Amino acid sequence: MEKTYIKDDLTIKWNASKCIHAAECVKGARKVFKPKDKPWVQPENDSKEVIKSAIDKCPSGALSYVDASANKKKNVGFEAAVMKNGPLRVKGHMDLTLHDGSKMQKDGFTAFCRCGQSSNQPFCDGTHKSVEPFE
Ligand code: FES
């Protein structure tokens, strides 16, 4: 189940079932992402830029956001790299539509599963390390 938190025109989305506890959000915005507090997401405690930067580092896609002020931004160039025996690593801004029709925005790095074994599709959850090597 997804929860949302609002900071001005920024909507933060949190899907606990996708979290792999990498804690990149906590490292990036300690005043906002406080796992021991309720609610654990407190967007009023820091700037929109700090929050977005922290969410951009979320490797699983458990945290995402929709920035209404950035919606006018087009999908401008991004970089992609195919990792040997690993994910497709994409860097850049993208408006992503998932198989169920839900939408999310991603900036920074996003790792897409290529091995087909991730339990957090379409994102990599590190499971590729325990499957047969692939190109
Ligand atoms: S590529 Fe990482 S879990 Fe599939």
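The questions and answers below concern a predicted model.

Q: Which element of the protein has the highest confidence, and which the lowest?
A: The model is predicted, and the protein averages a pLDDT of 89, with 96% of the residues scoring at least 70. Confidence is highest in helix α1 (residues 24-28), at a mean of 96. Confidence is lowest at a mean of 84, in strand β7 (residues 103-106).

Q: How many disulfides does the structure hold?
A: A disulfide needs two cysteine sulfur atoms within 2.5 Å. Cys19 is in no disulfide, as the nearest cysteine sulfur, that of Cys25, is 6.6 Å away. For Cys58 the closest cysteine sulfur is in Cys19, at 6.6 Å, which is too far for a bond. The number of disulfides in the structure is zero.

Q: Is Cys58 buried or exposed?
A: Buried means under 20% relative accessible area. Cys58 has a relative accessible area of 9%, whereas Cys19 is at 23% and counts as partly exposed. Cys58 is therefore buried.

Q: Which residue stands opposite Leu88?
A: Strand β5 (residues 88-91) pairs in the antiparallel sense with strand β4 (residues 79-82) over four bridges, and Ala80 stands opposite Val90 in β5. Four bridges also join β5 to strand β8 (residues 109-112), again antiparallel. In β8, the residue opposite Leu88 is Phe112.

Q: Which residue in the hairpin of β4 and β5 takes a positive phi?
A: Five residues lie between the two strands of this hairpin. The positive phi there is near 55° and belongs to Asn85.

Q: What separates Lys27 and Glu24 in helix α1?
A: The side chains of Lys27 and Glu24 meet in a salt bridge, at 3.5 Å from N to O. Lys27 is exposed at 51% relative accessibility, while Glu24 is partly exposed at 26%. Because they are three residues apart in helix α1, their separation is about one helical turn.

Q: How many residues apart in sequence are the parts that Asp46 and Lys31 tie together?
A: Asp46 and Lys31 form a salt bridge, with the closest N and O atoms 3.9 Å apart. Both Asp46 and Lys31 lie in the loop between α1 and α2 (48-56), so the pair ties together parts whose separation in sequence is 15 residues.

Q: Which residues do salt bridges that share partners join into one network?
A: The count of salt bridges comes to six. One of them is formed by Lys34 and Asp37, with the closest N and O atoms 3.8 Å apart. Salt bridges that share partners make one network of Asp9, Lys48, Lys52 and Asp67.

Key. Residues are numbered from 1 along each chain as its sequence is written. This is a predicted model: local features need pLDDT of at least 70, side-chain atom pairs count only at pLDDT 80 or more; totals for chains, interfaces and linings use all residues. Side-chain values use heavy atoms; hydrogens and water are left out. Buried means under 20% relative accessible area, exposed over 50%, partly exposed in between (1.4 Å probe, protein chains only). pLDDT is the predictor's confidence in each residue, from 0 to 100. Two strands pair if DSSP finds at least two bridges between them. A salt bridge is a side-chain nitrogen of Lys or Arg within 4 Å of a carboxyl oxygen of Asp or Glu.
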